[in-house]
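Subject: Structure handover and notes

Dear colleague,

Please find below the structure that I promised to pass on, together with the sequence. My notes follow it, and I would be glad if you read them with the structure open beside you.

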Amino acid sequence: MKKFLLSAAMLMAVVLGVNAQNFEKGDMTLGGMVNLGASLNKNNNSFSYSLRPEFNYYILEHFAVGVCGEIYRTGGKDKNADPKVKNRELSFALCPQVSYEIPFGERWGFSNTLSLAVEWSKGKTIVDNVTTKGDLANAVSLYYYPGVYCFMNDNWFFDLGAGVLGYDFNADTFNIGVYDLYFGLHYRF
């Protein structure tokens with residue numbers, strides 16, 4: 001326990017002792033995020049995870065335009081269905097995005113990203129161990145990712161977030177991903 005506390009204290013001293021600058025016009029970032037999500041309710045359970053590489057260019061101080069790709073996997077189970085039904089889906093998305101960072105210190109700040117996802121997906125349904133494959137589908141959605149970022153040194157920073165707001169234009173539905181958590185690691189150059 002003492003080693004853990006000492007290690008945590010040393011890590012905090014390194015992170016808090018860094019004197020990095022915030023985002024300036026002309027900065028570029030390259031990095032990625034891992035997103036985990038779940039929806040747990042009485043009738044249906046579903047899960048999701050994604051990998052999201054991204055590039056951003058700061059056209060103004062704290063304001064960036066960028067692009068990302070996303071590989072997204074979802075699955076779910078309907079508890080009330082008889083026979084039992086499981087769904088799986090694999091998606092790929094290309095996402096132009098804009099980001100605005102609100103610093104609240106030399107290393108910390110709030111990150112706000114608005115992303116337009118053009119998505120292609122293919123799914124399958126499993127009913128009593130019989131698999132039916134779905135056709136290739138596409139969708140267009142708008143997502144808002146709130147988060148907090150922290151610089152570890154002058155170039156490397158991470159961001160953390162919980163929750164995502166989304167609107168699916170094809171289905172005309174508004175979604176709130178309350179159980180979505182994401183972690184990102186980025187390099188500024």
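How many aromatic pairs does the structure hold? There are 15 aromatic pairs, where rings of Phe, Tyr and Trp (its six-membered ring) count as paired if their centres lie within 6.5 Å, and where planes under 30 degrees apart are called stacked, those over 60 edge-to-face and the rest tilted.

Before going further, please note that this is a predicted model, in which local features need pLDDT of at least 70 and side-chain atom pairs count only at pLDDT 80 or more, while totals for chains, interfaces and linings use all residues. Residues are numbered from 1 along each chain as its sequence is written, and side-chain values use heavy atoms, with hydrogens and water left out.

Leaving aside residues up to four places away in sequence, Ser141 touches Ser115, Leu116, Ala117, Tyr167, Asp168 and Phe169, a contact being heavy atoms within 4.5 Å. β7 pairs with strand β8 (residues 156–168) in the antiparallel sense over eight bridges, two strands being paired if DSSP finds at least two bridges between them. A hairpin of four residues joins β7 to β8, and Val148 has Leu160 as its bridge partner in β8.

Turning to charge, side chains of opposite charge can pair when their charged atoms come close. The structure holds three salt bridges, each defined as a side-chain nitrogen of Lys or Arg within 4 Å of a carboxyl oxygen of Asp or Glu. In one of them, Arg188 meets Asp27 with the closest N and O atoms 3.6 Å apart; since Arg188 lies in strand β9 (residues 173–188) and Asp27 in the loop between α1 (2–17) and β1 (28–40), the pair ties together parts that are 161 residues apart in sequence. Both Arg188 and Asp27 are buried.

Arg52 forms a salt bridge with Glu54 (3.7 Å, N to O), and Arg52 also forms one with Glu70 (3.5 Å, N to O). The latter links distant parts of the chain, with Glu70 in strand β3 (residues 63–78) and Arg52 in strand β2 (residues 44–60), 18 residues apart. Salt bridges that share partners therefore join Arg52, Glu54 and Glu70 into one network. Arg52 is buried, with a relative accessible area of 3%, and Glu54 is buried at 10%.

Strand β3 also holds Ile71, which counts as partly exposed at 47% relative accessibility.

How values were computed
Helix = DSSP H or I, 4+ residues; strand = E, 2+ residues; numbered from the N terminus. Buried < 20%, exposed > 50% of the residue type's maximum accessible area, 1.4 Å probe, protein only.
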